[in-house]
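Here are my comments on the model you sent over, arranged as numbered points. Please read them alongside the coordinates.

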Amino acid sequence: MNEYDSNRILDITKKINYLPTTKKSEADCYIINTCHIREKATEKVFHDVGRVKKEFRNKKKPILIIVGCVAQAEGDLILKKDRYIDAVIGPQSYQSINKVIEDIEFKKKQYDITNFETIDKFDLLKSTINCNSKISSFLTIQEGCDKFCKFCVVPYTRGPEHSRNFDEILDEAESLIRNGSREITLLGQNVNAYQNNNKRLSDIIYALEKKRDLKRIRYTTSHPKDMTNDLLDAHKDCEKLMPLLHLPVQSGSNKILQSMNRKHTIQEYLEVIHKLKEKNSKIKFASDFIIAYPGEEDDDFNETCKLMETIKFINSYSFIFSPRPGTPASEMKMVDAKLAKKRLIIFQNIAEKIKLNYKKNLLNQIVKVLFENKMIKEKNKYFGRDEYQNPVVVNSKKNIIGQEKRVLIKKFSQQTIYGELIDNNKFLAA
Ligand code: SF4
């Protein structure tokens, strides 16, 4: 979502004649977009600010604005700690950015804009053309969260759930497609909680399915509780909806899920997975895991490993629990650090083995790849992603950017899969 927000901030600031530059030392204005999910987020902000100061030591100071969730959560502290920073703007207040920049140009004072007026922000987005021309683009449809998982800062930094207007979303999708996008990922902190005038996420997917030049649709991030029947049906009906779902589970233990306030049990999670597989047998899953959440005992951890083995998630993002200031879980007693690390290693080894097997099974298979760009350093090499978002590289003398091609997988490395383009005629004859 920060990538989407950063691009939209660029679209907004163009209105006051600020243009993006890759020459850092020439910038008149620096905007640092921040994420509060990872550990030491605030320290990273000051580290980045230090880099800007160094760059401009002997030059005119640029306007420096911190935006995003760190600005929202710790704006006060950030402004007090470093007078070099001109403003903090929370993720729901980007509509103010042009005014803030212009004000800073004239009045030299600090600005703290961290209110939760999502409607204003979405109003401005409606009147700001999305200039993104990437093959694969993000489109925010929903922000904020009302779930209040005990470990998570999102409800405090992004505010309550708010869904964008259905027609405005389709208008923005249309302009992305006109710009050349062939894949759209619908974004929301709780994307499947989308609700606007009786329209749900599934309505957006069905509407996008009809767009001729759009080849692929994805959505992220979902909550298991909001996997409603209409959305499950979309996985059966919509060919453009990709068969990979990122569905965070966090733990395999009901005791821990309850303590996290996740609002679902493992049985309910498995039921969703089962139903999705019934709708589309090709579907595979990715997930997030918190290892060593407060109160996690050996049995709970073993349940998480068991879940990994059962579902065989093809991508998993696992981290040791780390407390976020202001969340209820930050007050809870932590699991011993050594034990936590040991559990993470065990879990990640299981996940790695599953991923390795999955990749081995891809060898000599034919997959469909949407090509996104030409590789800069290597001649005639193109980069794309298959339906499961695996990065795939092939050789091609022709420009294949924006095209979906069949690829025979020949080998893989830790990060990338390598293949050969299949001659379509040859493939059909075979
Ligand atoms: S559902 Fe997701 S965004 Fe909402 S509180 Fe839980 S972890 Fe955070």
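Predicted model: local features only at pLDDT ≥ 70, side-chain atom pairs only at ≥ 80, totals over all residues.

1. The secondary structure of the chain comes to 14 helices and 19 strands. With a radius of gyration of 23 Å, close to the 22 Å that the globule rule gives for 430 residues, the chain is as compact as a globular protein of that length.

2. Along the principal axes, the C-alpha atoms of the chain fill a box of roughly 70 × 55 × 45 Å. Of the 430 residues, 38% count as buried, and among contacts between residues at least 6 apart in sequence, 72% join residues at least 24 apart.

3. The domain assignment divides the chain into domain 1 (2–117), domain 2 (120–351) and domain 3 (366–429), and the centres of domain 1 and domain 3, taken over C-alpha atoms, are separated by 38 Å.

4. The ligand is surrounded by residues that include Cys145, Cys149, Cys152 and His223, as well as Lys147, Gln189 and Asn190. By class, this shell has 6 nonpolar, 3 polar and 1 charged residues.

5. Methionine 375 lies in the loop between strand 15 (366–374) and strand 16 (381–386). Is this residue, methionine 375, buried or exposed? Methionine 375 is exposed, because 11 other C-beta atoms lie within 10 Å and the cut-off for exposed is 12 or fewer.

6. Leaving aside neighbours within four places in sequence, methionine 375 is in contact with Lys381, Tyr382, Phe383 and Val393. The C-alpha atoms of methionine 375 and valine 394, which are 19 residues apart along the chain, are separated by 9.9 Å.

Notes:
Residues numbered from 1 in each chain as written. Near = placed C-beta within 6 Å. Nonpolar A, V, L, I, M, F, W, Y, C, P; charged D, E, K, R; others polar. Domains from an automatic or database assignment. Helix = DSSP H or I, 4+ residues; strand = E, 2+ residues; numbered from the N terminus. Rg over C-alpha atoms; globule rule 2.2 N^0.38 Å. Buried ≥ 20, exposed ≤ 12 C-beta atoms within 10 Å, placed from the backbone. Contact = placed C-beta atoms within 7 Å.
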